[in-house]
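Have a look at the picture first, and then read on.

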Amino acid sequence: MQPETESRKTVLSLIQPTGTPTLGNYLGALKNWAAVSNDYDCIYGVADLHSITVPTFRENPAQLRKNTLDLYALLIALGIDPEKNILFVQSQVPTHAQLAWILNCYTQYGEASRMTQFKDKSARYGANVSVGLFDYPVLMAADILIYGADYVPIGADQKQHLELARNICDRFNGIYGPVLKMPEPLIGKAGAKICSLQDPLKKMSKSDDNPKAYVSMLDEPNVIMKKIKSAVTDSEAEVCCREGKDGVNNLMAIYSCCTGKTNEEIEAEFRGKGYGDFKTAVGEAVCATLEPIQQRYRELITDKAYLEGCMARGAEAATRLSQRTLSKVMKKVGFYPPARG
Ligand code: TYM
């Protein structure tokens, strides 16, 4: 490694192409991806391998391909420069799956069984639960460890998976010496868990059956206003952050992330006003945040050749970089060096 790059920290994160990202994805993770992208060596990816762990795209594989391109464009639109950072599609970088297989053999069945997201999703998909869904966090550990990531910007729902990656890292290094770098989560305070607009005890999710529960990053302004206005609150008509006021707390978190205002400032701004005024202000702040991204996205998505060129370069750079850790790991576990034809 060059001395000048030694001090630069590496940031890595991925997002699944399950659908258009929500405001939760944006405020919880993607906003932070863009915010740190000039200060660190950032590696970001579209986690399409993760997206086939559930049956969603079995009937319509073309939809997965479309979602992948759309998401790739959206990531550029929100401020990630593919010339400065590595922006790749996971299935185009074969080293991730290779490392995941090896790490499987250093992951205990018991610890993988404790993952709450697996428990939730397997309850939802019943008889259709795949081994891939169970193995999902190990692939995620491989995504992180293969680049020696220092920081991983994620929402709170991915914290347990990050902990697992840390445990796997520790176990592997305990056997073979310091091969893998220990990653740290980067979880923002206000946006770490943006909740459903209809059930503020649940996280906002792009796979929610009720579209009123989430704001999609590509929703039109009038749709955003409607969804925010119909958000569940309470009967107190008091804008303040307090335990039990889950709906209001959630809207305050959204407003705070979009405007940079603190909870105290927000409470002062809406003292003596009702939820109508508050919701209008939240909706407008969300529209103002998303509008420039939407506009840039609309331009980019028409240029498929440009996007596919970026993808190819991203895959090549990611493969080259990740090969280093994979080679070290393969040597350590006792494999023959790759055969050269
Ligand atoms: P995914 O695609 O579900 O979500 C992408 C990112 O958005 C965050 N997020 C949220 N943050 C706040 N509030 C919400 N309501 C909300 N919903 C989602 C997620 O925490 C995530 O950071 N397994 C990952 C993708 C992945 C990954 C990785 C992440 C694959 N490999 C390696 C980091 C490192 C996932 O399904 O995220």
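This is a predicted model: local features need pLDDT of at least 70, side-chain atom pairs count only at pLDDT 80 or more; totals for chains, interfaces and linings use all residues.

Helices (H or I, at least four residues) and strands (E, at least two) are DSSP runs, numbered from the N terminus. Residues are numbered from 1 along each chain as its sequence is written.

How do we look for empty space? Rolling a probe the size of a water molecule over the atoms shows where empty space is left. On a 1 Å grid over the protein atoms alone, a pocket is an open set of points with protein on both sides within 12 Å along at least five of seven lines, whereas a cavity is a set where a 1.4 Å probe fits but cannot get out; lining residues have an atom within 4 Å of a point.

Start with the largest pocket, which holds about 1,400 Å³ of space. Of its 48 lining residues, Gln117, Asp157, Gln158, Lys203 and Ser205 are the closest to its centre. S1, H2, H7, H8 and strand S4 (151-153) each give the lining at least two residues.

Where is the ligand? The ligand sits in this largest pocket, meaning that more than half of its atoms lie within 2 Å of the pocket's grid points. Around the ligand are 27 residues, of which Tyr136, Asp143, Gly155, Asp157 and Ile194 come nearest; a residue counts as near if one of its heavy atoms lies within 4 Å. Strand S1 (10-15), helix H2 (23-36) and helix H8 (131-145) each supply at least two residues of this shell.

Now zoom in on some polar contacts (pairs of N or O atoms within 3.5 Å). A polar side-chain atom of Asn25 lies 3.0 Å from a ligand oxygen atom, and one of Gln158 lies 3.2 Å from a ligand nitrogen atom. From Ile194, a polar backbone atom is 2.7 Å from a nitrogen atom of the ligand. The protein covers 97% of the 710 Å² of accessible area (Shrake-Rupley method, 1.4 Å probe) that the ligand has on its own.

Conventions. Side-chain values use heavy atoms; hydrogens and water are left out. A polar contact is a pair of N or O atoms within 3.5 Å; within protein, one must be able to donate a hydrogen and the other to accept it, and residues adjacent in sequence count only if both atoms are side-chain atoms. Grid points are joined across faces, edges and corners, and a volume is the space filled by probe spheres set on the points.
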